[in-house]
Amino acid sequence: MSNVALEPLSFPTDREGWLALATDRAADRIARVAALDEQLKGSPDLSTIERLERWNDAEFALAEALSAAYLLSEAHPDDAVREAAETQVQAVEALSSARLLDRDLWAVFADADQTGLDGDAARLLAHLLRDFRRGGVDLDDETRERVRALTDRDTELSLTFSRNVRDGRREITVPPGGLAGLPQDFIDAHPVGAEGRVTLTTEYTDLMPVREYASDRATRVALLTAYNDLAWPENDAVLAELLEVRAERARLLGFEDWADYETETRMIGSGPEIPAFLSRLDAASAEAAAVEYERLRDRLLRDEPGASEVTIADFWYLLSALKREEYDVDAQLVRSYFPFERVKPGVLDVTARLLGVEYVPVDVPTWHDDVASYDVLRAGERIGRIHLDLHPRPGKFNHAACFPLVPGVAGRSLPEAVLLCNFSRGLLEHDEVVTFFHEFGHLVHDILGGRQRWVRFSGVATEWDFVEAPSQLLEEWAWDADVLRSFTANADGEPIPAELVEKMRVADAFGRALEVRRQLGHANVSYHLHVDRPADLQAETERLYATTSPVQPLPGLHPYAGFGHLTGYGACYYTYQWSLVIARDLLSGFDADLMDEETAHRYRREILEPGGSRDARDLVQAFLGREYSFPAYREWLAGA
C-alpha cells in the first residue's frame, strides 16, 4: 500500500501546545482504546480478522500516546512538559498492562477461529494470546490484582530511576595542570574559573576526552568517580525495590525469576541460558584478555611506578597510549578528521546510498533548536520522517538511543523516529562516529520496517536480543577507508588517509578481549542483580565487575545507580554480545564491498523491511542462506 498521501506528525509551536501534546494526546488515545475494547467485548459476531483489526486500532492508539509522551519525558527542555509527559507514560503503561488482565477481552480472542487467517494475522493472534498469558489474565482475582499493582509499580520505579540518571549530572574541579594531555580545543573550551580551577562535568562531551587523553591519573579518577556515582544515593532504594517487584511478579506469573520471564519471548529462550552464554564468552576471551591486561599494566607502571592495578579510570587512556606508541594511531590526529559538521551529513549520505533512500531536510517546529528533521524518500515517495537531536543540554537523556515516535502502518501512518545523542559540536572521537552509525542503524530499521499491516510488527519489533544486530553491523561502515574518505576532512580539507584507517583497524583489535570482559561485567551485573537480589548492591556489583575483568572497578562506588539499561534491558544485558555474534556473521554476507548495491538491497529486503513480522532466526537465514553461527565472532575476537 502507498504512503504517498500520508502526513507526518505536526509539532506545536508554543509551551501550551507542548503541554497539550504531552497530556491531551495521551488522554484522547486512552479514551479511544477504552471505546475499542468495549466494541470488542460487546460484538460477539465479529470475525477473527475483524477482532484483530480492532485490536490493531487500539495498539496504534497506545503506541501514538506512549511514544510521544516517552520522547518528551526524555528530551523536552521544559521541566513541566517532561513531568507531564512522564505522568502520561505511567497512565498508558498502566492501561496496557490492565488490558492483558481483562478476562472479557481475553475471551474475545481465546476462542477465535483461526480458519482463513494469513501468516501475519495468525502470528499476531498467537503473540496476543501469549501476551495475555504473560500478563496474568488466567490467574485468580487476588493474584491478578497483585500482578496489576506490581506492573504499575515497575513502571513508576523505572521512570524514577531513569529520571534520576537523566538529572544526575555531576561536576568536579581540577587544577589547570589536570588537563595535561587533552586536545587544545578541549582546553580552550574549559577556561580557568575564578578560583583558579577548571570545571569538568559527567556529560559525554567531557567524559570521553578525559578518560582517553588526560595524562593526569588524578583527573581521570576524579571524573570517573563522579560518573560511577551518578544518581546515587537516589537510585539505591529505587533499584532495590524494583528488583523485588520484578522477582515477585515473575513468581506470580509462574516463572523461576525475572530473567526467565524476560527470555521467554527472546531468541535465547530461557533464563538459565544467559549464564551459559556468558560462560561461553568468558572462555573465548579469557586468555587474550589476560595478555592484553599485562600490556596495559606494564604501560601504566611507566607513568605510575607505584600503581598496583589497572582500573577502569586507566583503561581507555592506556589503550589510546599503546595504540599511539605501538600502532602509530594517534587518537588526537584521528579526531581531527571528524568535525561534527562533516560527520552528520556523512552518515546521512552513506546510509542513503547504502539503503537506496534520500533524506530531505524539512523546516518544521520541534522541541528544541538543535533538532534537525528530514523526510525519508524512496524512489521519490516519502516513506517516513526522522529527527536528529544530537547535542547535550540540561534535563535531556544523557546517553545515545533511538526513540520511536509514530508507528508505521501501511496506508495509515508514516513511521517517525528520533535519535537522542550527546555529541560534541566540534571534533568527534572516532568512538563517537561509531556510535552515530550504530544508533542510525536503529533509526533506519524503524523507518524501513515501518510499512506493516499490524502495529505489533512495525519497525524495530524483532526479538529484543536481535535488535542490536543491525546497528552493530552498521558500525563496520565507520571502519571502512572508502566510506570514511567520502566525508572526513581535517582543517586543511584533506580526507583521512587509507593508511591511517588501516592502522586504526589493526589497533582496534588490541583491547578487544578486555572490552568483551567489560561488557561481560555489565551483563553479569544485569543478570545477577535481578536473579540473586543481593542485600548489598554496592558490594555485589563491585565484586561482579572485579571478578569478570582484570581491569578493576574504582572501589566504593555505585555504578548500578546510573546503569540506565537496568530498567529497559532488565536481566538481559547479555543482548549486546548475543546480537554481536549475529552481526559479525551478517557482515560475511557483504564480502569485501560494504557498498555493494545488490547485497545492500537484499539486506534491506530480508533484515530491515520485515520489521517484526518474522522471527529473527528466519530473517538471518533468509539473508545468509543458512543459520547464523559463532565462528565469525570467534574470528573477530581472535584478532585480539
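Aspartate 328 lies in the loop between α13 (312-327) and α14 (331-335), where helices (H or I, at least four residues) and strands (E, at least two) are DSSP runs numbered from the N terminus. This is a predicted model, in which local features need pLDDT of at least 70 and side-chain atom pairs count only at pLDDT 80 or more, while totals for chains, interfaces and linings use all residues. Residues are numbered from 1 along each chain as its sequence is written, and side-chain values use heavy atoms, with hydrogens and water left out.

**Backbone features in loops**

- Most residues other than glycine have a negative phi, and most peptide bonds are trans.
- Aspartate 328 has a positive phi, near 60°, although this residue is not glycine; at 48% relative accessibility, aspartate 328 counts as partly exposed (buried means under 20% relative accessible area, exposed over 50%, and partly exposed in between, with a 1.4 Å probe and protein chains only).
- Alanine 231, in the loop between α9 and α10, also has a positive phi near 60°, and its 3% relative accessibility places alanine 231 among buried residues.
- Proline 233 lies in the loop between α9 and α10 (234-252), and the peptide bond that leads from tryptophan 232 to proline 233 is cis, with omega near 10°.

**The sheet**

- An open sheet is formed by 5 strands in the order β3-β4-β5-β7-β6, with mixed pairing, where two strands pair if DSSP finds at least two bridges between them.
- The edges are taken by β3 (358-362) and β6 (401-406), each of which has a single partner strand, so one side of each is left without a neighbour in the sheet.
- From one strand to the next, the twist averages 30°.
- Strands β5 (residues 381-389) and β7 (residues 416-420) run parallel and are joined by 5 bridges; leucine 388 has leucine 419 in β7 as its bridge partner.
- Helix α2 (residues 48-75) packs on the sheet and touches β5, β6 and β7, and its direction makes about 140° with that of β6; contact means heavy atoms within 4.5 Å, and axes are lines fitted to C-alpha atoms, for helices over the stretch in contact, with angles running from 0 to 180 degrees between N-to-C directions.

**Helix α2 against helix α5**

- Two packed helices are described by the angle between their axes and the distance between the axes.
- The axes of α2 and helix α5 (residues 119-135) cross at roughly 65° and come within 11 Å.
- On the α2 side, Thr48, Ile49, Leu52 and Trp55 meet Ala121, Leu124, Leu125, Leu128 and Phe132 of α5.

**Helix α15 and the residue after it**

- Helix α15 (residues 340-355) has 16 residues and reaches 22 Å from its first C-alpha to its last, close to the 22 Å expected at 1.5 Å a residue, the expected span being 1.5 Å times one less than the number of residues.
- Buried residues of α15 include Phe340, Val343, Val347, Leu348, Leu354 and Leu355.
- Glycine 356 follows α15 and has a positive phi, near 70°.

**Leucine 224**

- Leucine 224 lies in helix α9 (residues 217-227), and at 3% relative accessibility leucine 224 counts as buried.
- Leaving aside residues up to four places away in sequence, leucine 224 touches Leu207, Arg211, Ala313, Leu554 and Leu557.
- Leucine 224 and arginine 211 are 13 residues apart along the chain, and their C-alpha atoms are separated by 7.6 Å.
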